[in-house]
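Here is a short walk through one chain. Keep the sequence and the model side by side as you read.

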Amino acid sequence: QGNALTAVRTAMLRCGAALQAEFEVQGKDFMADMPCHLLISAGRTLVEQRTREREAMERLHAVVSEIARELELIQQSVDNAGVLWKRKDAAVEEFGKASKRVKKTHGMRDLVLAQIRIQEADNDDDADGGDTITELGVQLAAREGELHLARAQKRLAFGELAAVEPDFPEVMVHLEKALPRELLGVWRPDC
């Protein structure tokens, strides 16, 4: 029995040692011990570095693109044959013409109003004056329509002039003529 007991005890110790070795093997991270772990780690580091570089290049590209657009806009503004320069000149010219049309049609309307007042003053004892006043009323309505149209055209010209003002601050001279003095500070704080 002594030999059998020793054999069982020895077998149990070997079985326990084998179970302990199996338990240690199952808890072990083979990827950490293998050489590929270093490659995977280096790859992840490289991917992170390349991602940061790509993001930096995208930001740089966006800034350079914006600078190029601004440079093109400045070149168009400076070049007196450029599109923006022609747009500014056309806006200034149209604003001047529209302002003159408003002034002229306003004067023509005032002239018709003055004729109506004169006719009304002379009309106290003339029976035929009613027809003249009616004709003058028709002329007044036509002049009012022309004045309304001229003012609408001036508003459009003013809008175009205001649109080119950020690139051409010198058009502010024309805007100052059209804006009430109280609004100049709102339009441009430095006025």
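The model is predicted. Start with a pair of neighbours: Arg109 and Asp110 meet through their side chains in a salt bridge, at 3.2 Å from N to O. Side chains of opposite charge can pair when their charged atoms come close. The two partners sit in unlike surroundings. Arg109 is buried, because its relative accessible area of 14% falls under the 20% cut-off. Asp110 is partly exposed, with a relative accessible area of 33%.

Other charged side chains pair up as well. Salt bridges with shared partners tie Lys88, Asp89 and Glu170 into one network. The count of salt bridges comes to eleven.

One of them joins Lys88 to Glu170, with 3.8 Å from N to O. This pair links distant parts of the chain, 82 residues apart. Lys88 belongs to helix H4, residues 83-122. Glu170 lies in the loop between helix H5 (129-164) and helix H6 (172-178). Lys88 is buried, at a relative accessible area of 9%. Glu170 is partly exposed, at 42% relative accessibility.

A further salt bridge connects Glu94 and Arg101, at 2.8 Å from N to O. Here Glu94 is partly exposed, at 33% relative accessibility. Arg101 is partly exposed too, with a relative accessible area of 31%.

Now follow H4 itself. The helix has 40 residues and reaches 58 Å from its first C-alpha to its last. That is close to the 58 Å expected at 1.5 Å a residue. Which residues of H4 are buried? They are Leu84, Lys88, Ala91, Phe95, Ala98, Val102, Thr105, Arg109, Val112, Ile116 and Gln119. An α-helix has 3.6 residues a turn, so residues three or four places apart point the same way.

The core holds twelve residues in all, among them Leu84, Ala91, Phe95 and Ala98. Its members also include Ala157, Phe158, Leu161, Val164, Phe168, Val171, Met172 and Leu175. Which elements give two or more residues to this core? They are H4, H5 and H6.

Finish at Val171, one of the core residues. Leaving out residues up to four places away in sequence, Val171 touches Lys88, Val92, Leu161, Val164 and Glu165.

Notes
Residues are numbered from 1 along each chain as its sequence is written. This is a predicted model: local features need pLDDT of at least 70, side-chain atom pairs count only at pLDDT 80 or more; totals for chains, interfaces and linings use all residues. Side-chain values use heavy atoms; hydrogens and water are left out. A salt bridge is a side-chain nitrogen of Lys or Arg within 4 Å of a carboxyl oxygen of Asp or Glu. Helices (H or I, at least four residues) and strands (E, at least two) are DSSP runs, numbered from the N terminus. Buried means under 20% relative accessible area, exposed over 50%, partly exposed in between (1.4 Å probe, protein chains only). A nonpolar core is a set of buried Ala, Val, Leu, Ile, Met, Phe, Trp, Tyr and Cys residues joined through side-chain atoms within 4.5 Å. Contact means heavy atoms within 4.5 Å. The expected span of a helix is 1.5 Å times one less than its number of residues.
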